[in-house]
Amino acid sequence: MGDLICHYTTLEVLLSLLRNAEDKKLTFWASSIYSMNDPTEFMYGYDICMDILQKVEKRLKVSDKLKVSKLWMDIHDDSSNDWKEILIQSLYENNECPFVVSFSKLKDSLPLWKMYGNNGYGVCLVFSEYLVKPFNPNVIEPQIYNSIHLYDVGYGTIHQSEYDIFNKIVESRYKKYLSTICQNGCNNIFEKKLSLLCLTLVICSPCIKHPSYAYEQEKRLLKYYLKESNQKVQFYEKNNNIISYTEVQIPIDNLKEIIVGPCPDFQSISRSITQLLHSQELNPQDIKIVQSEVPSVSYTHLTLPTNRE
């Protein structure tokens with residue numbers, strides 16, 4: 001079966017996914033990374049982005065005047081936060097916004113039931129890994145924008161496979177930045193540097209979270225939105241915030257198991273899910289419906305950090 005990934009959610013979301021399934025595909029809402037998280041979270045990846053930029057600059061023999069890494073250093077060291085506000089605004093206005101659906105490598109996890117599975121009264125949807133073909137290193141940049149990818153999240157660091165991909169993309173964009181300056185001179189050089197820095201953060205930030213969240217063992221289904229594409233961005237309200245999202249479809253054949261949370265009503269919920277699968281002309285025998293093995297949440301107490309996603 002290969003590796004499995006898990007999505008913890010509510011019964012309401014499960015009902016919506018199954019009722020609205022078309023062509024044997026489940027439609028998920030991939031939320032904007034900037035709507036979901038603290039907009040300063042990109043600072044956790046400062047060292048990683050700096051490392052990528054400096055290595056690219058060394059390979060391309062970039063002069064000090066044109067180095068984007070120096071701008072990144074100024075922003076990082078700015079105690080007044082004025083630079084950070086400029087950068088955050090630029091990120092929001094950037095044409096290449098990342099949208100994500102969150103999964104975990106942990107199956108039937110008590111902390112994740114509490115954080116994302118309606119305190120144990122939801123479900124854990126277990127999928128086989130949903131991945132496109134491996135990257136072709138010769139055309140890596142077009143691929144990242146024209147398809148959907150599954151990445152491991154690093155906590156204060158980044159996995160080598162993701163690092164290699166992002167390094168290639170940043171180098172490709174850096175060459176375009178240098179070519180533009182060569183053709184048009186150094187006019188508006190600050191804006192050009194800021195644009196390339198935003199691109200570096202847009203590429204790297206979805207795969208970096210604060211180390212406090214390492215217990216989640218998260219994987220993210222990532223889709224980049226381009227304004228000139230035909231993708232549609234929509235909006236919903238959550239926790240007194242307006243969240244932007246775009247739709248992502250996952251074949252229902254990838255859904256292998258539905259784990260009902262550690263609540264006392266398993267038999268009733270299981271029967272209802274089976275009936276719903278039948279009503280949608282889906283074969284319940286292809287999808288196992290099982291009960292969580294963790295202790296009932298009614299008798300379990302666990303203190304967790306505040307959910308930021």
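Predicted model: local features only at pLDDT ≥ 70, side-chain atom pairs only at ≥ 80, totals over all residues.
**The buried side of H4**

- Within H4, the residues that count as buried are Val68, Ser69, Leu71, Trp72 and Ile75.
- When the helix is viewed down its axis, these buried residues of H4 fall within an arc of 155 degrees, and they therefore line one face of the helix.

**The contact of H4 with H5**

- Helix H4 spans residues 68–76 and helix H5 spans residues 82–93, and their axes come within 7 Å of each other while crossing at roughly 120 degrees.
- Because a crossing angle from 65 to 115 degrees would count as roughly perpendicular and one over 145 as roughly antiparallel, H4 and H5 are classed as oblique to each other.
- On the H4 side the contact is made by Leu71, Trp72, Asp74, Ile75 and His76, which meet Trp83, Lys84 and Leu87 on the H5 side.
- By residue class, the contact of H4 with H5 divides into 5 nonpolar, 1 polar and 2 charged residues.
- Leu71, Trp72 and Ile75 are listed among the buried residues of H4 and also take part in the contact with H5.

- Leu277 is placed in helix H10, which covers residues 266–279, and because its relative accessibility is 0%, Leu277 counts as buried.
- Although Leu277 and Arg19 lie 258 residues apart along the chain, their C-alpha atoms are separated by 8.9 Å.
- Gly120 sits in the loop between helix H6 (110–116) and strand S4 (123–128), and Gly120 likewise counts as buried because its relative accessibility is 0%.
- The C-alpha atoms of Gly120 and Val260 are 8.2 Å apart in space, whereas the two residues are 140 apart in sequence.

**The protein as a whole**

- The protein contains 10 helices and 12 strands, and buried residues make up 50% of its 309 residues.
- Of the contacts between residues at least 6 apart in sequence, 81% join residues that are at least 24 apart.

How values were computed. Residues numbered from 1 in each chain as written. Heavy atoms only, no water. Axes fitted to C-alpha atoms, helices over the stretch in contact; angles between N-to-C directions. Helix = DSSP H or I, 4+ residues; strand = E, 2+ residues; numbered from the N terminus. Parallel < 35°, antiparallel > 145°, perpendicular 65-115°, else oblique. Contact = heavy atoms within 4.5 Å. Nonpolar A, V, L, I, M, F, W, Y, C, P; charged D, E, K, R; others polar. Buried < 20%, exposed > 50% of the residue type's maximum accessible area, 1.4 Å probe, protein only. Arc of directions from axis to C-beta.
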